[in-house]
Amino acid sequence: MDRKTFHATLRAMGSDFTMELIEQTNALLAPLVPSPDEALTTRDIAYGPHERHRFNLFRPAAGEPAPCLLFVHDGGFVMGDKGAPGAPFYNNVGAWAQGQGFVCAAMNYRLAPEVRWPAGRQDVIAMILHLAAHAAEYGIDPQRIYLMGHSAGATHVADVVAAPGEAAGRFAGAIMSSGFYDLSIAVRDPFKPQYYGADVADWSPMSPLPGLIASAVPCLFALCELDMAECHDQAKALADGWYAAKGALPVIFVQPGHNHISAARQIGSNVDSFGPILSAFVSAR
């Protein structure tokens, strides 16, 4: 499928975040994304004691220590997966990384309502420490571990950048796509209260925005032209707060012609506008 047809199809779907949008976008992209080289892929490696503390490791063909992209999936804090064998998503991110000469670790994490904030932050930190400890074994350059998350995953990444704890100095940069940064304006949909607490009147103290602004970690933020309205509101709050504190804007990439679901699931496809941005961010550091 050519880009013009692809984007025309996405635009016709609109931006309302519905099950129909999710299913149609998945069906559109599934045939377009690459599959990883399974000979260079190891699945379901444990990084902690919980059954969700598992990740898939995608290695490139080259043997020298390589940059590593730690990918944190979406799912509204209550669902989502790193990618089962044969599934298009998010094996596409691993396949793309292999083609770039990067290592990719696509992780699962504990989900609400079994756990609440800051469990996602804790799990990402545990994953970073695991990668750093096993860098030689996995073919990773420990000075070039990069975090990337989409939607809920981006929020977990933002929480780590804002308060890295034991992971401080263990990652070189962070990419956050369509995340939630200012919880004072977060929509109380059916999902977020399960993670932040339906019984909590004010989620503001859990916002990563102040810590993000204070951090010196290189960051790339992204959202989509056809993203849901809340993501545009969050990006504006991020930009306003950043500019007020620093007198400059954060680096924000708006993906033209993409929606909330296609944002990360396009990576590696022939309609991919995000992969080149990710590669440039990683390669520049």
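Buried here means under 20% relative accessible area, exposed over 50%, and partly exposed in between, with a 1.4 Å probe and protein chains only. Helices (H or I, at least four residues) and strands (E, at least two) are DSSP runs, numbered from the N terminus. The model is predicted, so local features need pLDDT of at least 70 and side-chain atom pairs pLDDT 80 or more, while totals for chains, interfaces and linings use all residues. Residues are numbered from 1 along each chain as its sequence is written, and side-chain values use heavy atoms, leaving out hydrogens and water.

Start with helix H1, residues 3-13, where Phe 6, His 7, Leu 10 and Met 13 are buried. Seen down the axis of H1, they fall within an arc of 110° (directions from the axis to the C-beta atoms), so they line one face of the helix. The partners they pack against are H2, strand E7 (219-226), strand E8 (252-259) and helix H10 (262-265). On the face turned away from the buried side, Lys 4 and Ala 12 are exposed.

Now the ends of H1. At the N-terminal end, Asp 2 is the cap, with a side-chain oxygen 3.1 Å from the backbone nitrogen of Lys 4. After H1 comes Gly 14, with a positive phi near 85°.

Last, the lining of the largest pocket. What is its make-up by class? There are 16 nonpolar, seven polar and six charged residues, where Ala, Val, Leu, Ile, Met, Phe, Trp, Tyr, Cys and Pro count as nonpolar, Asp, Glu, Lys and Arg as charged, and the others, Gly among them, as polar. H2 gives the most to that lining, three residues.

Technical notes: Contact means heavy atoms within 4.5 Å. A polar contact is a pair of N or O atoms within 3.5 Å; within protein, one must be able to donate a hydrogen and the other to accept it, and residues adjacent in sequence count only if both atoms are side-chain atoms.
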